[in-house]
Amino acid sequence: MKIGILGGGQLARMLAVAGYPLGLEFVVLEPSADAGAVPLTEHLHGVYDNRTLLAALADKADVVTYEFENVPAQVAELLSSRTQVYPAANALAVAQDRLMEKKFFHKLAIPTAPFAAVNNLDDLQQVMTTFAYPAILKSRKMGYDGKGQVVLTSPDQLTAAWESMQDAASIVEGFVPFQREISIIAARRVQGEIAFYPVSENQHRGGILRVSRCCHADPLQTKAQDYVTRLLEALNYVGVIALELFEVDGQLLANEFAPRVHNSGHWTIEGAETSQFENHLRAILDLPLGSTKPRGYAGMVNFIGGVPQSEQVLAIENAHLHLYAKQLRSGRKVAHATVRCDEKIAFENAMHLLENLANQTDDS
Ligand code: AMP
């Protein structure tokens, strides 16, 4: 079986690594010559809407999936007319537009921060007469890792904030005074079976994920599972999905979902019986899903903009290093380390040492 992937970055790389033991082969459509998955896969080198390459991808692959959601939804539709595409284009269309996504959450009775559409400076000024400060202005499309976002702190900042959006259709969101950020990762296979991972507790800085920890018996696990199940079923979704949530006073507010494997689930590589990458492949191939049970205490630390010496990371007991074979660039996720451990104290020690190393090499 050959799996086609739109995008050839680190997520595609980790899908390929998980798929080889299952006898799978991979072909990626990727604009960059030196992306992380390229050395491991057949590479169709070009942009995502190149029709010749899309036709080649559809011909070569038994199933097509993607590793990031900003692929034009028409591309997924075009591919669907020629081959199997999972998750289907409807999930992509919702996930890549923050306004549609928020409205979709509401339709499913999943609570969110208050939000309003904003298409010009007048709209923004009008909306901010009804929202409290601080609030967040976010572009509807192409936003990730905090890009296309401005925190609004006072009315005299609105003109500059709007100019920085370069007229992109946007939304304003109320600023959530959350106690925790968590995410739930789930997999749904073609015939409908769903598996949930324990929720991850996530720390972001500057809008970028830094650290995730697997939560054991989290009091909000059931609620998170309920919300993600609504999404999976409403979208008739196939594959791995990640739903990002804010915890405020014991309640959960949905921030966004990713229709793909997710950075907050990287701890599952060594930390769960079956990784999110393997379960995504099982789900899209309609194979039985693997156990999502954690193997002890598990977590992940991202390396952003720079990576410590491998010796330094691997000298930390219970740490595993995952390099993405990417060019170093400021603010770019270039590697991560996971920790898996039977003892909580040893786990926290290793996480602490890794966070220190990450802070030394982090240039963002
Ligand atoms: P996003 O690109 O929407 O995932 O946002 C990146 C990060 O910015 C989130 O993980 C939060 O840490 C922060 N953030 C986004 N939206 C809000 C909000 N409405 N209130 C408070 N923090 C937010």
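How many residues surround the ligand, and which are the closest?

1. Basis of the note. This is a predicted model, in which local features need pLDDT of at least 70 and side-chain atom pairs count only at pLDDT 80 or more, while totals for chains, interfaces and linings use all residues. Residues are numbered from 1 along each chain as its sequence is written, and side-chain values use heavy atoms, with hydrogens and water left out.

2. The ligand shell. The ligand is surrounded by 16 residues, and Gln149, Glu173, Val176, Glu181 and Glu256 are the closest; a residue is near a molecule if one of its heavy atoms lies within 4 Å of it. By class, the shell holds five nonpolar, six polar and five charged residues. Here Ala, Val, Leu, Ile, Met, Phe, Trp, Tyr, Cys and Pro count as nonpolar, Asp, Glu, Lys and Arg as charged, and the others, Gly among them, as polar.

3. Domains at the ligand. The ligand lies between domain 2 (114–174) and domain 3 (180–361), because both give residues to the shell around it. The domain bounds come from an automatic or database domain assignment.

4. Polar contacts are pairs of N or O atoms within 3.5 Å. A polar side-chain atom of Arg98 is 3.0 Å from an oxygen atom of the ligand, and a side-chain N or O atom of His204 is 3.3 Å from a ligand oxygen atom. Val176 contributes a backbone N or O atom, 2.8 Å from a nitrogen atom of the ligand. On its own the ligand has 470 Å² of accessible area, of which the protein covers 92%; such areas come from the Shrake-Rupley method with a 1.4 Å probe. Strand S7 (135–139), strand S9 (170–174) and strand S15 (251–258) are the elements that give two or more residues to the shell. Strands (E, at least two residues) and helices (H or I, at least four) are DSSP runs, numbered from the N terminus.

5. Aromatic pairs. Rings of Phe, Tyr and Trp (its six-membered ring) pair if their centres lie within 6.5 Å, and planes under 30 degrees apart count as stacked, over 60 as edge-to-face and the rest as tilted. The count by this rule is six aromatic pairs. Phe105 and Phe257 form an edge-to-face pair, because their ring centres are 6.2 Å apart and their planes stand at 75°. This pair links helix H5 (residues 98–107), which holds Phe105, to strand S15, which holds Phe257, across 152 residues. Phe105 is buried at 0% relative accessibility, and Phe257 is buried at 2%; buried means under 20% relative accessible area, exposed over 50%, and partly exposed in between (1.4 Å probe, protein chains only).

6. Cis peptide bonds. Which residues does the cis bond with omega near -10° join? That bond runs from Tyr86 to Pro87, and Pro87 lies in the loop between strand S5 (84–85) and helix H4 (89–95). Tyr133 and Pro134 are also joined by a cis peptide bond, with omega about -5°; Pro134 lies in the loop between helix H6 (121–127) and S7.

7. Positive phi angles. Most residues other than glycine have a negative phi. Ala109, although not a glycine, has a positive phi of about 60°; this residue is in the loop between H5 and strand S6 (115–118) and is exposed at 52% relative accessibility. Gln166, likewise not a glycine, has a positive phi of about 50°. Gln166 sits in the loop between helix H7 (158–164) and S9 and is exposed, with a relative accessible area of 71%.

Notes. A polar contact is a pair of N or O atoms within 3.5 Å; within protein, one must be able to donate a hydrogen and the other to accept it, and residues adjacent in sequence count only if both atoms are side-chain atoms.
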